[in-house]
Amino acid sequence: MAVYQATTSAPVNIACIKYWGKRDTKLILPTNSSLSVTLDQDHLRSTTTSRADPSFSKDRLWLNGKEEEIKEGGRTATCIKEMKSLRKQVEDANPNEPKLSTYPVHICSRNNFPTAAGLASSAAGFAALVSSLAALYALPASPSQLSLISRQGSGSACRSLFGGFVAWEMGTAADGSDSYAVEVAPQSHWPEIHALICVVSDDKKGTSSTAGMQRTVETSPLLQHRIKHVVPERMKAIKEAILAKDFDTFAKITMQDSNQFHAVALDTDPPIFYMNDVSRAIIALIVEYNRLSVENGGKVKAAYTYDAGPNAVIYTPKENLKEIIPLILKYFPQAEKYNDHLGLFGTASVD
Ligand code: 2P0
């Protein structure tokens, strides 16, 4: 008897223009567009196997070896339902296709990085889930079409369906049909850019992104200013900087947007703090490193960015890593273990 099974993987992405706020919490429609870099690292991926079989009694999911309940009407259930309905269209168009859309699925997903490390595990996880079902069902869908579905698993997951530099265009339609990810430039366009990940703390974060951003939407006047008057210009400018390989502008916008995201978190009532003293000390180090370069007639050499946690991601052209890694190790001597940069984008641990 035929076995219907597929395995795919999806990488982590780290935003330069941050997604923070939903205008529709069910469909996961954002209050602003965002832009990220997908980390091209074998070490930072979710790998998912999906199998459809008529003998299964129901859809089931295992994350890192542990079974998780698929809640009715929840995000995972929504993604599976949407993928089955795309499969149904294929079957309706071709009656010879096996009726996989009617079979329950078993989905098994594993991250090869610590889930609690504050790296966007839900982004890689939902992107891998959707892409493995797309492979299982042999769907003729494009990454942007699939991103409409992974978005409903976790907003940032829509961006992990592409490599390189990726925009999530917020869209305006009430049904979410124009809120999807698009490629700005492939990784091969600007391969010099590396991401250095400094794991300041691998504690689980205090306020989840989902709850935190809704509190910001409800209480922060600064968020309203950001979504109307700041992000649209920044999206345009950073796309131009990426296409022109203008690191100076890319870095300035990335740092400004990280700062403003943490400012809107602080502007939330009650306030949300994601960075800690070590995070702020790394900012000071990068600011000083850039200041010395610019004062000597050079350019901005590195950009820090922080998500909903204390860990730093430093974007820099590869040539600067040989200066930055020793600098971090000098000022944060507890940082004894770090992975040297492997592949195109590097990781380091400062803990
Ligand atoms: C981002 N973050 O653009 C921003 C920056 C965190 C800070 O996307 O509720 O886990 O699942 O849509 O995708 C985190 O938000 O939230 C996030 P949900 P998600 O990467």
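How are H5 and H6 oriented to each other, roughly antiparallel or oblique? Let us work towards that with the model in view, keeping in mind that this is a predicted model.

Two packed helices are described by the angle between their axes and the distance between the axes. For helix H5 (residues 221–243) and helix H6 (residues 247–266), the axes come within 10 Å and cross at roughly 160°. Angles over 145 degrees count as roughly antiparallel, and H5 and H6 are therefore roughly antiparallel to each other. The crossing in which H5 passes H6 is left-handed. To see where they touch, look along H5 for Leu222, Leu223, Arg226, Val230, Arg234, Ala237, Ile238, Ala241 and Ile242. Their partners in H6 are Thr249, Phe250, Ile253, Asp257, Gln260, Ala263 and Val264. Sorted by class, this contact of H5 with H6 holds 11 nonpolar, 2 polar and 3 charged residues.

Follow the chain on from H6 and you reach the loop between H6 and helix H7 (277–295), the place of Pro270. Here the peptide bond from Asp269 to Pro270 is cis, and its omega is near -5°. Elsewhere, Asn64 is a residue other than glycine with a positive phi, near 45°. You can find Asn64 in the loop between strand S7 (60–63) and strand S8 (66–68).

The axes of helix H2 (residues 121–136) and helix H3 (residues 143–150) come within 9 Å, with a crossing angle of roughly 125°. H2 and H3 are therefore oblique to each other, and H2 passes H3 in a right-handed crossing. On the H2 side, the residues that meet H3 are Phe126, Ala127, Val130, Ser131 and Ala134. From H3 come Leu146, Ile149 and Ser150. This contact of H2 with H3 has 6 nonpolar residues, 2 polar ones and no charged ones.

Now step back to the whole chain. The domain assignment of the protein gives domain 1, covering 4–188, and domain 2, covering 193–331. Taken over C-alpha atoms, the centres of domain 1 and domain 2 are 26 Å apart. Where the two meet, domain 1 supplies 23 residues to the contact and domain 2 supplies 30 residues. On the side of domain 1 that touches domain 2, the elements giving two or more residues are strand S2 (13–17), strand S5 (34–38), strand S10 (165–169) and strand S11 (180–185). S2 gives the largest share of that side, 3 residues. By class, the side of domain 1 that touches domain 2 has 15 nonpolar, 6 polar and 2 charged residues.

Methods:
Residues numbered from 1 in each chain as written. Predicted model: local features only at pLDDT ≥ 70, side-chain atom pairs only at ≥ 80, totals over all residues. Domains from an automatic or database assignment. Contact = placed C-beta atoms within 7 Å. Helix = DSSP H or I, 4+ residues; strand = E, 2+ residues; numbered from the N terminus. Nonpolar A, V, L, I, M, F, W, Y, C, P; charged D, E, K, R; others polar. Axes fitted to C-alpha atoms, helices over the stretch in contact; angles between N-to-C directions. Parallel < 35°, antiparallel > 145°, perpendicular 65-115°, else oblique. Left-handed = near helix turned anticlockwise from the far one by under 90°.
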